[in-house]
Amino acid sequence: MRILLVEDDNDLGPAIARGLRAEHFAVDLIADGIDAAHLGETEAYDAAVLDLGLAGKDGITVLKEWRAAGRTLPVLILTARDGWSDKVSGFKAGADDYLVKPFRLEELVMRLRALVRRAAGHAQPVLACGRLSFDTQIGHFELDGLPLKLTAFEWRVLSALMLRREAVIERLDLLERVYEGDADVDSNSLEVIVGRLRRKIGAEMIETVRGRGYRLTCL
């Protein structure tokens with residue numbers, strides 16, 4: 001899961017990014033509203049965390065521009081503005097959720113996971129695919145009822161495949177959701193990650209669709 005984090009506080013922004021990365025999210029941290037508006041319209045994200053008081057362009061304007069451009073990514077507003085009118089303005093602009101500072105990181109993580117899951121069309125928090133299960137609330141995978149130990153990159157790939165199980169996910173789409181925007185990506189890195197996952201969950205569960213990408217098959 002790749003998150004666009006728009007926060008201009010020099011201490012809070014990096015702290016949130018570290019916390020989300022510890023939960024296996026890929027995070028692009030942006031402090032300026034103009035840059036955020038551009039990235040939200042041009043890059044692939046699973047969700048955005050958006051502050052309102054930004055330099056260059058305020059958060060409500062950024063959100064309105066995303067929606068006007070047809071961007072449907074889930075957006076969680078994270079702000080110190082706790083007035084009812086602020087919340088109404090945020091939801092009218094197209095927000096999917098609203099969290100007031102100060103907050104607990106654990107709550108932000110769970111809200112983001114729920115937004116991403118619902119955006120993928122899943123009502124229930126626990127997803128099943130053959131021998132594999134994924135508790136989206138806590139980000140926990142099990143294979144045959146036993147915990148599955150994954151690296152951050154493996155978790156990102158498998159969660160993307162699990163959220164769209166039985167569907168082909170384009171190779172570029174997976175790459176965009178695994179790596180952060182400034183990452184130096186080796187051309188064979190995705191194949192290496194998929195190879196490690198096949199050894200952990202069974203080679204038959206991840207199908208290579210030649211010329212396109214990969215599909216998680218629920219056998």
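Colleague: Which residues of helix H7 (residues 171-178) are buried?

Modeller: Keep in mind that this is a predicted model: local features need pLDDT of at least 70, side-chain atom pairs count only at pLDDT 80 or more, and totals for chains, interfaces and linings use all residues. Residues are numbered from 1 along each chain as its sequence is written, and side-chain values use heavy atoms, with hydrogens and water left out. Helices (H or I, at least four residues) and strands (E, at least two) are DSSP runs numbered from the N terminus, while buried means under 20% relative accessible area, exposed over 50% and partly exposed in between (1.4 Å probe, protein chains only). In H7 the buried ones are Asp173, Leu174, Leu175, Arg177 and Val178.

Colleague: And what do those buried residues of H7 pack against?

Modeller: Contact here means heavy atoms within 4.5 Å. With that cut-off, the buried residues of H7 pack against strand S1 (2-6), strand S2 (26-30), helix H6 (152-163), strand S10 (168-170), helix H8 (189-201) and strand S12 (213-216).

Colleague: At what angle do H7 and H8 cross, and is that parallel or perpendicular?

Modeller: Axes are lines fitted to C-alpha atoms, for helices over the stretch in contact, and angles run from 0 to 180 degrees between N-to-C directions. The H7 and H8 axes come within 11 Å and cross at roughly 85 degrees. Angles under 35 degrees count as roughly parallel, over 145 as roughly antiparallel, 65 to 115 as roughly perpendicular and the rest as oblique. So H7 against H8 is roughly perpendicular.

Colleague: Which side chain does Arg2 join through a polar contact?

Modeller: Arg2 is in strand S1 and buried, at a relative accessible area of 3%. A polar contact is a pair of N or O atoms within 3.5 Å; within protein, one must be able to donate a hydrogen and the other to accept it, and residues adjacent in sequence count only if both atoms are side-chain atoms. A polar atom of the Arg2 side chain also lies 3.2 Å from the backbone oxygen of Glu176. The side-chain partner, at 2.6 Å, is Asp28.

Colleague: In what order do the strands of the open sheet run?

Modeller: Two strands pair if DSSP finds at least two bridges between them. S1 and S2 run parallel and are joined by 5 bridges, with Val6 opposite Ile30 in S2. The open sheet has 5 strands with parallel pairing, in the order S2-S1-S3-S4-S5.

Colleague: Which are the edge strands?

Modeller: Look for strands that pair on one side only. Those are S2 and strand S5 (97-100).

Colleague: Which cysteines form a disulfide?

Modeller: A disulfide is a pair of cysteine sulfur atoms within 2.5 Å, and that rule gives 1 disulfide. It links distant parts of the chain, strand S6 (residues 126-129) and the segment after S12, 89 residues apart. With sulfur atoms 2.0 Å apart, the pair is Cys129 and Cys218.

Colleague: What is omega for the cis peptide bond?

Modeller: The bond joins Lys101 and Pro102, and Pro102 is in the loop between S5 and helix H5 (105-119). Omega there is about -5 degrees.
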